[in-house]
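Have a look at the sequence and the model first, and then we can walk through the parts.

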There are 2 protein chains.
Amino acid sequence: MRRVVLLTPGPSPVPDEVLKEIGQPLIHHRTEEYKKILEEVFDSLKKVFFTQRPVLIFSSSGTGAMEAAVSNFINSKDKVLVIEGGKFGQRWTEILQAYKVSNVVKVEVEWGKTLPASKLQELINVHKDVRAVFATLCETSTGTLFDIKGYGDVIKKRETLLIVDAISGLLSDPLYMDEWNVDVVVCGSQKGMMLPPGLSFLSFSQKAESFLERSDLPHYYFDVKKYKKSLDNKDTPFTSSVSLIRGLHVALKTIIDFGVENMFKKSAFLAETIRKIFVEAGFTLFSEYPSNAVSSIVSPVDSIRLIKTLRSRFGVSIAGGQAHLKGKIFRVAHMGYINEQDLLFGMLCLDKVLREMGFNPKCSLASKLGEVLNESSNY
Amino acid sequence: MRRVVLLTPGPSPVPDEVLKEIGQPLIHHRTEEYKKILEEVFDSLKKVFFTQRPVLIFSSSGTGAMEAAVSNFINSKDKVLVIEGGKFGQRWTEILQAYKVSNVVKVEVEWGKTLPASKLQELINVHKDVRAVFATLCETSTGTLFDIKGYGDVIKKRETLLIVDAISGLLSDPLYMDEWNVDVVVCGSQKGMMLPPGLSFLSFSQKAESFLERSDLPHYYFDVKKYKKSLDNKDTPFTSSVSLIRGLHVALKTIIDFGVENMFKKSAFLAETIRKIFVEAGFTLFSEYPSNAVSSIVSPVDSIRLIKTLRSRFGVSIAGGQAHLKGKIFRVAHMGYINEQDLLFGMLCLDKVLREMGFNPKCSLASKLGEVLNESSNY
């Protein structure tokens, strides 16, 4: 009888109408019917990315799109800069290393902290010949937001690309690709996009397009030029993930009807509310510059045990800390389709399990959330 | 009111119980519940591949797994041999070229014909230093079967890998990976596996494992060692395609209950029946060594128009010819979940549209199929 409640930063819950569409009998991917779906999907994705440029769809996890960003836009001799503020910032470096791009300036930011745009400016003044800056919109491992708009200002007049992992941030934290001069944006399906995992997305600026010719790194399945050419023909170069893309079609309609900026507002409201309550209840926030997608809380108890108990007893999934933060923090997501109902039940279970584990919050997280929601004009 | 009838060599139809499972609400991928699913899936995949070795799962189309076979097992200096009997044989060469593996012996086989193992033996006698032979179980573009068992005998005692694209053939054409000494097998989800597109599979022999250390080609998302390590922990290195893998779980149960070898028999019966009927009705088979997965028929009319009409009038999808075979052949699949009911209706519509296009089959394809099915002890 138990229902699963996902408060994890991916996979996040998927609306029923999307699940229904995903479970439809298969149609062929080279038909007019499917071309029409793809056409509408490609149009809607532009609205979600705030770009006039094409948005490509890969069948892969978000990491596949990150690899595509490296293997299509970078030359092995390039000097590149990576902002590493957590596990996913580090992933950029790992991919660059896998491709033997050796001239990497690693900017290690303490986990939970961010890098001000002024600091990037200083770094760029020193490393004038950097051809690409790799950044993360929301660093999922710490729940920290990075100043992509500011980085865009630093980069825009240079022959340098700003390449952004927006996998967990998109649709929760504002990102205006064209207006902010972001050159490459990658995203996954299982976060703000309200879909199961299995699709990833990549959009690239006109400036980035010129970098395609400079790249000498190998790629075949993730060949951006091939996907771009197919897209012009409302097609995909390899067999399309028909079922997930039909789900995407419905999810994007829902998102656009609701309003992309309303998605930001919804996540911001839930994020700010939850964090205020945690602070009032005596918890410490882990991130100094938190994202709308996920909140990291310093755990007053062993977070591994906390998470296991929440899951096994109540079916509530929250995330723990990664690497050196294992056991030390827990993370509650409020991205995509996660709503106040999910959070309310999650807080109730947290109240209960924390008390059982010997920590008494100063006030009940669930009661406090109930009060705020009662008073809020948002609900 | 119209139902879609898929007689295409992927996507092929998906059983209702699999679709239902795919449409279930999301669960998290790092839970005991999901680990149990993965464990059962990994076990079942070994039965389907007839191997004791691990079978890895990627979120990608089949081409992604082909790329993984190249980028993990090949060294850029290697001399390799590619058997090219159609579009998918050519894909091996394209991937090798993308990775700048330049020492490629291309064995071009006329489309629709096959390469006897004795011929491969002769080639290997000349090119003794070949480190890998790339082959295709069923060349989907022509519906031709290749003698993988025979190639295995040629290769087995050498320090050479036999790498096989079994994307469309697996579960229709017999393939006994361990017994036949196949070193790398790749597969996709949307064919014999009775799933939507979006997953791919790769298994590799002990011999192939030793080649992992020799490879100098870059890979990150398709890093075989990383997937192997995760598999040992009943996990996947990147966010798992939860919904499709839950569908896979149900599909594999269905397949194993039915019997993997019964899947071969079922496809063989349908394939032989269909081809006998086409010949009786005055058609010419295109392939001289046809696969159980798909039949290629020389089209007596423009096959592009034929296919369009079948689809728009009756919702029946068959496939056309690719490259120089465009308009010249049509292909009817009988893989995976495709059954006699689908084929019977397909033949009825083919009868009708062919007559309208000015070609009168010597006998009705549908009536003939009905007769055979009536007399057969299989039904």
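## Two domains in chain A

Chain A splits into domain 1 (5–10 + 259–375) and domain 2 (16–258), with bounds that come from an automatic or database domain assignment. The centres of these two domains of chain A, taken over C-alpha atoms, are 27 Å apart. Their contact draws 26 residues from domain 1 of chain A and 29 residues from domain 2 of chain A; two residues are in contact if their C-beta atoms, placed from the backbone, lie within 7 Å.

On the domain 1 side of chain A, helix H10 (260–280) and strand E12 (294–298) each give at least two residues. H10(A) has the largest share, five residues. By class, this side has 13 nonpolar, 11 polar and two charged residues. Here Ala, Val, Leu, Ile, Met, Phe, Trp, Tyr, Cys and Pro count as nonpolar, Asp, Glu, Lys and Arg as charged, and the others, Gly among them, as polar.

## About the model

This is a predicted model, in which local features need pLDDT of at least 70 and side-chain atom pairs count only at pLDDT 80 or more, while totals for chains, interfaces and linings use all residues. Residues are numbered from 1 along each chain as its sequence is written, and chains are lettered from A and ligands numbered from 1 in the order in which they are written.

## Where chain A meets chain B

The contact between the chains takes 45 residues from chain A and 45 residues from chain B. On the chain A side, the elements that give two or more residues are helices H1 (16–22), H3 (62–73), H4 (87–98) and H9 (242–258). Helices (H or I, at least four residues) and strands (E, at least two) are DSSP runs, numbered from the N terminus. The residues on this side divide into 21 nonpolar, 19 polar and five charged.

## A covered strand in chain B

Strand E10 (residues 199–204) of chain B has six of its six residues buried, meaning that 20 or more other C-beta atoms, placed from the backbone, lie within 10 Å of a residue's own. B:Leu199, B:Phe201 and B:Ser203 point one way, and B:Ser200, B:Leu202 and B:Phe204 the other way.

Five bridges join E10(B) to strand E2 (residues 55–59) of chain B in an antiparallel run, with B:Ser200 as the partner of B:Phe58. Strand E9 (residues 184–188) of chain B is also antiparallel to E10(B) and joined by five bridges; there B:Val185 partners B:Ser203.

Key: A residue is buried if 20 or more other C-beta atoms lie within 10 Å of its own, exposed if 12 or fewer, and partly exposed in between; C-beta atoms are placed from the backbone. Two strands pair if DSSP finds at least two bridges between them.
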